[in-house]
Amino acid sequence: VTPAQWIATWKHVVDTVKAAAGGLASFVWCPNNNDVGPVTPYWPGAAYVDVPGFDGYLNTASTSQTFASFVKPTVDEIGKLTSLPIWNAETGVAGTNRSARIAQFASDMHAAGLLGFTWFNEGGYLLQSAELSALTAAVNAWNAG
């Protein structure tokens with residue numbers, strides 16, 4: 001669909017659900033990481049987004065794929081659309097040396113001011129014991145800071 005069609009549909013759904021929900025519904029706008037294309041054309045406007053988010057993974061084994069090189073451009077693009085805190089609503093780290101990459105990724109997301117993140121714990125992103133420990137430590141550091 002075109003961005004205009006997508007936005008019209010989004011606004012229709014938001015208006016319909018919010019009218020029926022009596023203030024009990026919130027909407028997370030969550031495009032894919034902008035490596036598949038810019039997210040700005042799909043922005044429905046601040047009145048239609050309660051929480052801006054995105055799906056941003058480190059989805060290759062290469063250690064050259066980092067938050068700064070791969071995910072931060074999406075955060076920066078969304079940050080130009082809204083002053084609301086941004087949530088990485090679906091994330092994971094693939095490849096090797098994952099414990100260190102997970103810890104760094106979480107630290108980088110926190111340093112960038114993200115609201116938080118949700119880990120996709122399936123397939124190549126499934127956490128093994130050491131990786132779960134690294135993620136837990138990173139979350140604890142995030143919450144302490």
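Biologist: Which residues does L114 touch, not counting residues up to four places away in sequence?

Modeller: The model is predicted. L114 is one of the residues with the most contacts inside the largest nonpolar core. Leaving out residues up to four places away in sequence, L114 touches F54, F67, V75, I86, N88, M109 and W142.

Biologist: Which element gives the largest share of this core?

Modeller: The largest nonpolar core has 32 residues, and V71, L114 and W119 have the most contacts inside it. At least two residues each come from helix 1 (3-21), helix 2, helix 3, strand 4 and helix 4. The largest share is five residues, and the element that supplies it is helix 2.

Biologist: What is the order of the strands in the open sheet?

Modeller: Strand 1 (residues 28-29) is joined to strand 2 by two bridges, and these strands run parallel. Strand 2 also pairs with strand 3 (residues 87-91) in the parallel sense, over three bridges. The open sheet has four strands with parallel pairing, in the order 1-2-3-4.

Biologist: Is strand 2 largely enclosed or largely open?

Modeller: Strand 2 covers residues 51-55. A residue counts as buried under 20% relative accessible area. Four of the five residues of strand 2 are buried, so the strand is largely enclosed by the rest of the structure.

Biologist: Within what arc do the buried residues of helix 4 fall?

Modeller: In helix 4 (residues 129-144), the buried residues are E131, A134, L135, A138 and W142. Seen down the helix axis, these residues line one face, because they fall within an arc of 95°.

Biologist: Which exposed residues lie on the face of helix 4 turned away from its buried side?

Modeller: The buried residues of helix 4 pack against helix 3 (98-111) and strand 4 (116-119). The face turned away from the buried side carries exposed residues, and these are S129, A130, N143 and A144.

Biologist: How far apart are the end C-alpha atoms of helix 3?

Modeller: Helix 3 has 14 residues. At 1.5 Å a residue, they should span 20 Å. The end C-alpha atoms agree with this, being 19 Å apart.

Biologist: What arc do the buried residues of helix 3 cover?

Modeller: R98, R101, I102, F105, A106 and M109 are the buried residues of helix 3. What covers them includes helix 2, strand 3, strand 4 and helix 4. They lie on the same side of helix 3, because around the axis they cover an arc of only 130°.

Biologist: What is the relative accessible area of G79?

Modeller: G79 is found in helix 2. G79 is partly exposed, with a relative accessible area of 40%.

Notes
Residues numbered from 1 in each chain as written. Predicted model: local features only at pLDDT ≥ 70, side-chain atom pairs only at ≥ 80, totals over all residues. Heavy atoms only, no water. Buried < 20%, exposed > 50% of the residue type's maximum accessible area, 1.4 Å probe, protein only. Pairing = 2+ DSSP bridges. Expected span 1.5 Å × (residues − 1). Arc of directions from axis to C-beta. Contact = heavy atoms within 4.5 Å. Core = buried A, V, L, I, M, F, W, Y, C linked by side-chain atoms within 4.5 Å.
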